[in-house]
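Biologist: I'm new to this one. Can you put it up and walk me through some parts?

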Amino acid sequence: MRILNVCLAASLCLSVRGNMRNIAILGGGQAAISVAETVQKLGWKAYVIAPENHLGGALASSNHCWILNGTTGESLMRPIGALQKELYARAMDCGANPLPLSHCAGFLVADKTVKAVAVANKFGVFLLPVAAVIDASHEQIAANHISGCLKAEPVIVEYNFEIVRAHAFTGNSWVLPSAHVEIHRTLRDGNLCVSFRENRVLDETDWLSSSRMQMDLRRKAVDLVSEIRKTVPGLQDAQLARIAAPRIIASERECNNAFGNLLRVKGTFPERPTTHDVRIIERNAEEQTRDFVKNLKTLKPDYQGELLSTGQKLAFALSDWQDPDVEGLPLARIEITPASEVRYDAAVIGGGTGGSSAMSALASQKIQAITVDMLPFLGGTTTAGGVSGAWHGYTKGAYEDYTKGRNALVRAESLSSFCASIRHWDKILLDPENRQDFAGSTVACGTAKEQDRVTGVLLYSNSGFKRLVAKIYLDMTGEATLCDQAGIKTELGDPDTGWIQSSSCWGLEYWTTSNFQQNHFANDLDVVDPTCYKDVIRGIGLAHRKNSDYHIAQIYTQREARRIIGEHYLNVKDILTRKFHDDAIAVSSCLFDTHGRLSTEIPLRCITKDAYDPEDKEIRVLIPVGTFIPKGLANVLVGAKAISGERDATTLCRMNPEITNAGFSLGFLASQFITRKLGNTRDADIQALRQQLIQRKILPSWAEKPSVPEWTLEFAVERLSEPDGFLPALLMPKEQIVPKLKELYQQKQTRQVAYVLAYFGEPDGQKLLLKELKQQMAIDMHEVRDSGVGEFTVVDVKGETFTSDKRSNYGVPVFGELKPGKAYGMVNRIVGFLAHLDSEESLEPVLQLTERAWAGGTDLNTGNTPYAIARTDGTTTYFHGRLWTIATFFNERPTPKAIKPLTELLNKKFVGGNIVNEYWSDVPPLQMTYLEVMLAQALHRCGGEQGTQRLQAFTNDSRAIFRNMAKAALKNQPKNLAK
């Protein structure tokens, strides 16, 4: 990575001009937000740095879901999600800037002044230039950086866990054989929060001690549930439902603060906090901040000085690396030289579903390895989000072993499924014969590379920076973070259109539903660019505003993230034509779960029971080993959602079973790399590896040899005789299939053959398609009358009405069984194929469709659970598919004749005006915004001024995905204007 001279880099990297008024606030609890509100009122800019994805500090992280009434001493129940939402709303309302998922990693100091705060997150290490720092953290971060980490410090640890099925209980404490516990009701009937405290010795200089302590406390919580079931009357059916992070209760540290612009504000709650304590802490924070800020002076951004981190002075240099991932934030990237180094045979970066499975495989082979994750426990979405099921996929092999182990723990130790998931991985790590370490609450914030090898990964945790050195690295981050940091080329979404899937923040909702998936649900609120830190911040904030009052998950996930460019590039054509790979080390067997628009639009729209294969209920995917090997790196394997391939192909491989099995395969491959002392992952004995995987049922029988014939030209031609059997022909090489199609069309003119000819740009079947289009347009849908519940009515172009109550799981009307609905789908398909023909004859009917394409929209009542409400667009157009088809057509076939109807469509209700400003308080449905950008792009391509203006407006949208889509669309200038 390139490094510039400090002075030169400072002039290049600064995004703040002149005197600045930034104040960094450390911690994200009540005190920190009170400080932020005061800072903003006094005209300064507040940046709240918090390591979690939420605000609420130690209480929220520890699930401390009660607080004592200051007068009566009674427990007042409060949902943690509500606390997080309240603090986020306060931060946004006052104009502060929360910086979640970021550690304060040190101070840049000079002349007894803090010049900047070092911020470490998965995007890198940055300097935030500041005029002052106010430490309102529970952890006393400033003292840690100035005086060094705590060593052998006696503390009290409070640990909270939640049990369900506890309707019958008395009192507010129990004396169990091994502990005295306090009992607090929650706002959920039958749920109790159980709290116990222990005396511990905290040694922050041991960077793994926190993870070990948390595993031990989780084990004790499980044991206490067993004791509760045995000893407390009426609670023999109690179940451990949720576990949290511990709350460290310690006295205030003395800090030798020699810096005039650094203030310590008490942010630590006492052992048993009360409402009075909350008021006192916030009032004191406000008063201290006001007195402190009044005497502050603005400073010019200055990156000269010493970097002080956990009591050590670290070498650093500013980088000239351009940072789109921090666009709009005053952050300058730096390169850190850590003070210490740790070595392992293998390092797993990312302890989610795939990383945990890789860790398990390495443990089974007795490989000395470490797994690193931002969360304090393993399992990722499975554990933090409670997404422990498998909607579909290949569920044998490692996934079946994991599921059996988890379910056995559910029964034996009376755990919820996601608590059992955490316990499952903990038991592997706590096995005394295991050679695995786990570094939780640790961020990988940099990667060093020499030639084709990664030589180290920069880690940051509360103990400071570490350089992690291993023989082989497994990038299991789910978004190729390690590879991106190493400068390896990656892709995001569809390279041509920018489309990616939606993003989710998982939670638990106990207010309005009692019948869905243990009451967990996902908010697919938006589409977030996972490579842009500012966009991730926006997504987290929006999720906290819109999600559960009861509980918000500790993880915010993108269903689709960065993908590497690997030795093999997985593609849809190979998958659908059943190409066999004898070097496959993983498989997928799944339905197509899009959560967004497809890239290969027409072929994948044709994957139906009739178009694909009547005998195949799921699509089978063979994943070659090269899919996991990034080009340019010899000692790195990449798993989870970041594998190499087209976005539609990799989406088929992203479900829990696939990621689990693939992670185990990569763990085995890494073991071979170490034991055989290989110099390159490409040198592995893949056949020997495959035999191991077959024995463990990670590879099924159909991965050993082709289970069905590969699609051939003869097969494709044969399928053309069947209704909707044209998909195989679309996937054949053009030079092979087109001559045969022309021959067939001369013999018998069929719509199936005409489709494929049009797809390949051949006009032979155009006349037939236009005739069919005209017939279908005569019975096409014209209007939908729908109250959002019960029956709905469809009116065709002749005025005839058709009534139905057929709706999808999300409450959206299903038109396909109605006569106009069938015509509607057929019209869309024909127009889609005609878009591939450079023909004036097809323009006129499509222009007619454009003029009548609007069927209105309404706020739909979409079901009984929050999951259903969240997963549906909420506000949508009934003819969404038609509008999308028209936008696609005119993007391919621009003409000035379409300017007027496209302009009218773009200005219709629910289509226009979906641009989001910097406050992002109300984000519209992502599908509608995608549609607006597509229509604007089509209008721009046709030479329409309003299309260009709309795209230019989108370049200032606060959502990075749509901002980037608009910028790319504007580069594609209007053409074919003569037509």
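Modeller: One term to begin with: two strands pair if DSSP finds at least two bridges between them. Also, keep in mind that this is a predicted model.

Biologist: Okay. Which strand pairs with β31, and over how many bridges?

Modeller: That is strand β32, residues 619-624. β31 and β32 pair in the antiparallel sense over six bridges.

Biologist: What stands opposite S589 there?

Modeller: R620 in β32 stands opposite S589.

Biologist: And is β31 enclosed or open?

Modeller: Seven of the seven residues of β31, residues 584-590, are buried, so this strand is largely enclosed by the rest of the structure.

Biologist: Let's jump to β7. How many of its residues are buried?

Modeller: Eight of its nine. β7 covers residues 113-121 and is mostly covered.

Biologist: Which strands does β7 pair with?

Modeller: Strand β6, residues 103-110, pairs with β7 in the antiparallel sense over seven bridges. Strand β8, residues 124-129, also pairs with β7 in the antiparallel sense, over six bridges.

Biologist: Give me residues I can click on. What is the bridge partner of C104 in β7?

Modeller: V119. On the β8 side, A116 has P129 as its bridge partner.

Biologist: How many residues sit between the strands in each hairpin?

Modeller: The hairpin of β6 and β7 has two residues between the strands. β7 and β8 form a hairpin with two residues between them as well.

Biologist: What does phi look like at D111?

Modeller: D111 takes a positive phi near 55 degrees, in the hairpin of β6 and β7.

Biologist: Which way do side chains go in a strand, in general?

Modeller: In a regular strand they alternate between the two faces of the sheet.

Biologist: Back to phi. What is the value at T310?

Modeller: Near 45 degrees, which is positive in a residue other than glycine. T310 lies in the loop between β17 (306-309) and β18 (312-318).

Biologist: Is T310 buried or exposed?

Modeller: Buried, because its relative accessible area is 9%, and the cut-off for buried is under 20%.

Biologist: And A480, where is that?

Modeller: A480 is in the loop between β25 (464-475) and α12 (481-485). Its phi is near 55 degrees, again a positive value in a residue other than glycine. A480 counts as buried, at 0% relative accessibility.

Biologist: Helices next. How do the axes of α24 and α27 cross?

Modeller: They cross at roughly 10 degrees and come within 9 Å. Angles under 35 degrees count as roughly parallel, so α24 and α27 are roughly parallel to each other.

Biologist: Which residues meet?

Modeller: From α24, residues 819-834, the list is Y824, V827, N828, V831, G832 and L834. They meet H880, G881, R882, T885 and F889 in α27, which runs over residues 880-892.

Biologist: How do the residues of that contact divide by type?

Modeller: Five are nonpolar, five polar and one charged.

Biologist: Last one: T903. Which helix is it in?

Modeller: Helix α28, residues 899-906. T903 is buried, with a relative accessible area of 15%.

Biologist: What does its side chain reach?

Modeller: The side chain of T903 reaches the backbone oxygen of I899 at 2.6 Å.

Biologist: And what does T903 contact, leaving aside its neighbours within four places in sequence?

Modeller: L939 and Q946.

Note on methods:
Residues are numbered from 1 along each chain as its sequence is written. This is a predicted model: local features need pLDDT of at least 70, side-chain atom pairs count only at pLDDT 80 or more; totals for chains, interfaces and linings use all residues. Side-chain values use heavy atoms; hydrogens and water are left out. Axes are lines fitted to C-alpha atoms, for helices over the stretch in contact, and angles run from 0 to 180 degrees between N-to-C directions. Helices (H or I, at least four residues) and strands (E, at least two) are DSSP runs, numbered from the N terminus. Angles under 35 degrees count as roughly parallel, over 145 as roughly antiparallel, 65 to 115 as roughly perpendicular and the rest as oblique. Contact means heavy atoms within 4.5 Å. Ala, Val, Leu, Ile, Met, Phe, Trp, Tyr, Cys and Pro count as nonpolar, Asp, Glu, Lys and Arg as charged, and the others, Gly among them, as polar. Buried means under 20% relative accessible area, exposed over 50%, partly exposed in between (1.4 Å probe, protein chains only). A polar contact is a pair of N or O atoms within 3.5 Å; within protein, one must be able to donate a hydrogen and the other to accept it, and residues adjacent in sequence count only if both atoms are side-chain atoms.
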